[in-house]
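Subject: Structure handover

Hello,

Here is the structure I said I would pass on. My notes on it follow below.

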Amino acid sequence: MNTVVTSKEAILSVCRELIITQGWEAINIRSVAAACDVSVGSIYNYFHSKFDLIAATVESVWCDIFHVPENKRDFGSFLSCVEWVFESMKKGDEKYPGFFTLHSMNFMGKEKLSGQQLMAQSWEHMQKNLYMVLLSDKNIRSGAFDEIFTPEEFVEIIFSLIISSLLRRSYDCSALLVMIRRVIY
């Protein structure tokens, strides 16, 4: 047995693989330690509880699904960014079956609030990125936004539709793209 793990990321990589091959049920301290070929104590050096391990795993999967590759850093348009988000959701659902609907069930009792806060942080990060792409889109028509219908409000609406699609596992964004075109271009 290897008693030293090289990094927290190595453990999270094993956790992601366990989710792919065995599902969420496989994410616990003992099974992760066995899969990493380390002692249980080695896992506790990085994660103080099962909750910490699950929370870090959830965050790691979200990052894996929505990590923007270097060649995609400049989307060119808000439309292409939204399209990329939907493609990422579809690929993420294929790679991590049931992740979007099942991972929240791993947070129970007092851990539920912490899990919700973690989710809110992930979603806030995604919204900020959408907002930055929207602001950099030079093709948005003048006057598309005003003091009531702001870019922030627009992104919040679009993000709500994205989350709704994600929960319904509906990854066809063509109608949403048409709506965005009609509203801001």
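Residues count as buried under 20% relative accessible area, exposed over 50%, and partly exposed in between, using a 1.4 Å probe and protein chains only. Gly-143, at 61% relative accessibility, is therefore exposed. Gly-143 sits in the loop between helix 7 (111-136) and helix 8. Its C-alpha lies 9.9 Å from that of Tyr-185, which is 42 residues away in sequence.

The model is predicted, so local features need pLDDT of at least 70 and side-chain atom pairs pLDDT 80 or more, while totals for chains, interfaces and linings use all residues. Residues are numbered from 1 along each chain as its sequence is written, and side-chain values use heavy atoms, without hydrogens and water.

Overall, the protein has nine helices and zero strands (DSSP runs numbered from the N terminus: H or I of at least four residues for helices, E of at least two for strands). Of its 185 residues, 42% are buried.

Helix 5 (residues 78-95) and helix 8 (residues 151-168) pack at about 20 degrees, their axes 11 Å apart; axes are lines fitted to C-alpha atoms over the stretch in contact, with angles from 0 to 180 degrees between N-to-C directions. The two helices are therefore roughly parallel, a term for angles under 35 degrees. In contact (heavy atoms within 4.5 Å) are, among others, Phe-78 and Met-89 of helix 5 and Phe-154 and Leu-166 of helix 8.

Regards

Definitions and conventions:
Angles under 35 degrees count as roughly parallel, over 145 as roughly antiparallel, 65 to 115 as roughly perpendicular and the rest as oblique.
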